[in-house]
Amino acid sequence: MRKNLTQKTILIFAVLIVFVFGIFGIPKGVSGTALKDALLKRINLGLDLKGGTHLILQVMVDEAVSFTTTNDAAHIQTELQQNGITVGSVIPDTAHPETILISGAPADRAGDIRSVLNQRYGNQYDISSGANNTFTLTMKPSAVADLKKNTMEHSIEVIRQRVDSLGVSEPVIQEYNLGSDQILVELPGVDDPGRVKDVIQSTARLEIHEVQGGPWPDDQAALQALGGTVPYDSLLLHTAPGASAQGSGNQVYQIKRAAEVAGTDIRDAQASRNQNTNEPEVVFYLTTAAGNHFAEFTGANKGKSLCIVLDNKIQEVATIHDQIRDQGTISGGGIQEQQAKDLSMLLRTGALPASIHYLQESTVGPSLGADSIRQGVLASIVGMLAVMIFMLIYYRGAGINADLALFLNLVILLGFMGFTGSVLTLPGIAGVILTIGMGVDSNVLIFERIREELRAGKSPAAAVDQGFGHAWTTIIDTHVTTIVSAAILFIFGTGPVRGFAVTLTFGLLANLFTAVFVSRVIFDSHLNKKQRGEALSI
């Protein structure tokens, strides 16, 4: 008996030491300030406690539809040409972004055109022919719905990766108001959201295009050189301010509409410095498939020019001298070191599939968060002290037992949060207080059963044994049902609600250990020291 008690006591102290480490880690001192700093470093505070930024974003999902049809139109033109079919134009309908119009089709090749379109685009578009040798491709409603859904999911993932790259801990990034194409972003600890907003909002769509003409000083000169009309398979694009294109100042180039390399072909990107000029630059690497295609293209087009386009602005124009496989560089233009780092991060995380607009922005200041912490901690301490005093008055000696169990419960709960990196929110503090209440309830159940057994004439040892045995089933029942409810809150709730669910779950798991195991060990230890016939203080 004594040997078992010693082993159980060692286990309890071991648990206490482990979870105290979970709360404070290895502090730099034992002063109040050092312990407070260690505590705040281990316990992550939520937006409502730490302060931070709350954003609601609107994703312009229709742009993804327009981008897809524009891209498909360019590929359709190329594929028809590869099949020896020349048409007047293949362009998206500006009034209906989900529609592509083909005009000027040769009447004797209508069957061939429909065959090419059905084979490649029949699953995604409804294809119809009209008067004057025209074809219309309308994106199917199911394809539009899937594209918009994928755009939202992709946008959330890209934003999450960008925020993670900035080192923001425990952000909340999720769809907001299901079906309205909005995203909720909560960034704890970010009280100056300017740079984060810029990084989130950057589309960062990188492409490499073949240069077909230019440079010209402006659009008018370009149109004059092209006979007044831009070919359907071409685009006129301007150079970005300070771009390292040929010449100087804002220039206009004619580029091939279909990109040779798209943003999805980027495998990696890193910020570095040019070996000759020591200026910041960004080196990017292509996927294997894109590298093979690029090598084939550059090998067959030596002497021609390529341009790197970022968000529809030309960053660089270069002549192809040798075959290029899987590596490129964005440099020059006065790019700064921080810009190079941000751009490389944006390229690594990928381009947003559509632009975003900020619908709502609010900032919770650190002072408001500090007030919330102070009030929450004060409420917890007052509540806990009130309960502990009540237990001491009502259950006398056994009240000490309950108070020690409650204290250890709180240590284990905070230690859990320190080890798992969970976020403590204001509702989470409410979860802590509710846990204290559940812990007291467990002790009351056990103590009342022990009192019943004592009133029935049982000895103290037998009463304690029977009391714990009878209360165990009820304690398990209440704890399991509450943990299941907390799990449902965690799955379907948002940030603060999840914080409540986390602290409640951790607290109840700790309570099963403290209210039953620890409390029983203290009772057994006390009974072991009692003289035969001595009453139990309860």
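**Reading side-chain contacts, domains and backbone exceptions**

Tutor: Tyr-121 counts as buried, since its relative accessibility is 1% and the cut-off for burial is under 20%. The model under discussion is a predicted one.

Student: How is a pair of aromatic rings described, and how many aromatic pairs does the structure hold?

Tutor: Two quantities describe a pair of aromatic rings: the distance of the centres and the angle of the planes. The structure holds eleven aromatic pairs. In one of them, Tyr-121 and Tyr-125 have ring centres 6.2 Å apart and planes at 70 degrees, so the pair is edge-to-face. The reasoning rests on the cut-off for this class, which is an angle over 60 degrees. Tyr-125 is buried, with a relative accessible area of 1%.

Student: Is the pair of Phe-416 and Phe-506 stacked or edge-to-face?

Tutor: The ring centres of Phe-416 and Phe-506 lie 4.9 Å apart and the planes stand at 20 degrees, so this pair is stacked. The deciding cut-off is an angle under 30 degrees.

Student: Which helices hold Phe-416 and Phe-506?

Tutor: Phe-416 belongs to helix 12 (residues 397-420) and Phe-506 to helix 15 (residues 495-529), so the pair ties together parts that are 90 residues apart in sequence. Phe-416 is partly exposed, at a relative accessible area of 24%, whereas Phe-506 counts as buried at 16% relative accessibility.

Student: Which residues form one aromatic cluster, and which residue lies over the face of Tyr-121?

Tutor: One aromatic cluster is formed by Phe-390, Tyr-394, Tyr-395, Phe-447, Phe-468 and Phe-523. Over the face of Tyr-121 lies Arg-120, at 4.8 Å from the ring centre.

Student: Which residues form a nonpolar patch on the surface?

Tutor: Val-480, Val-484, Ile-488, Phe-490, Ile-491 and Phe-492 form such a patch, and together they have about 610 Å² of accessible area. Phe-490 lies in helix 14, which spans residues 460-492. Phe-490 counts as partly exposed, with 36% relative accessibility.

Student: How many salt bridges does a search of the whole structure find, and where do Glu-210 and Lys-304 lie?

Tutor: The search of the whole structure finds ten salt bridges. In one of them, the side chains of Glu-210 and Lys-304 meet at 3.8 Å, N to O. Glu-210 lies in strand 9 (residues 206-216) and Lys-304 in the loop between helix 9 (288-300) and strand 14 (305-310), so the pair ties together parts that are 94 residues apart in sequence. Glu-210 is buried at 11% relative accessibility, while Lys-304 is partly exposed at 38%.

Student: Are Lys-458 and Glu-453 buried or partly exposed?

Tutor: Lys-458 is partly exposed, at 36% relative accessibility, and Glu-453 is buried, at 10%. Their side chains meet in a salt bridge of 2.9 Å, N to O.

Student: How many residues apart do Arg-520 and Asp-524 lie?

Tutor: Both lie in helix 15, four residues apart, or about one turn of the helix. Arg-520 is partly exposed, with a relative accessible area of 24%, and Asp-524 is buried, with 11%. A network of salt bridges links Asp-465, Arg-520 and Asp-524.

Student: Into which domains is the protein chain divided, and how far apart do the C-alpha centres of domain 1 and domain 3 lie?

Tutor: The chain is divided into domain 1 (1-48 + 365-529), domain 2 (61-144) and domain 3 (202-361). The C-alpha centres of domain 1 and domain 3 lie 59 Å apart.

Student: What is the general idea for phi and for peptide bonds?

Tutor: Most residues other than glycine have a negative phi, and most peptide bonds are trans. Here the peptide bond from Gly-214 to Pro-215 is cis, with omega near 5 degrees, and Pro-215 lies in strand 9. Arg-396 has a positive phi, near 50 degrees, in a residue other than glycine. Arg-396 lies in the loop between helix 11 (366-395) and helix 12.

Terms used
Residues are numbered from 1 along each chain as its sequence is written. This is a predicted model: local features need pLDDT of at least 70, side-chain atom pairs count only at pLDDT 80 or more; totals for chains, interfaces and linings use all residues. Side-chain values use heavy atoms; hydrogens and water are left out. Rings of Phe, Tyr and Trp (its six-membered ring) pair if their centres lie within 6.5 Å; planes under 30 degrees apart count as stacked, over 60 as edge-to-face and the rest as tilted. Buried means under 20% relative accessible area, exposed over 50%, partly exposed in between (1.4 Å probe, protein chains only). Helices (H or I, at least four residues) and strands (E, at least two) are DSSP runs, numbered from the N terminus. A charge sits over a ring if NZ of Lys or CZ of Arg is within 6 Å of the ring centre and within 35 degrees of the ring normal. Patches are made of residues with over 30% relative accessible area and no salt bridge: like charges are joined within 9 Å, nonpolar side chains (Val, Leu, Ile, Met, Phe, Trp, Tyr) within 5 Å. Accessible areas come from the Shrake-Rupley method with a 1.4 Å probe; for residues, only the protein chains shown count as cover. A salt bridge is a side-chain nitrogen of Lys or Arg within 4 Å of a carboxyl oxygen of Asp or Glu. Domain bounds come from an automatic or database domain assignment.
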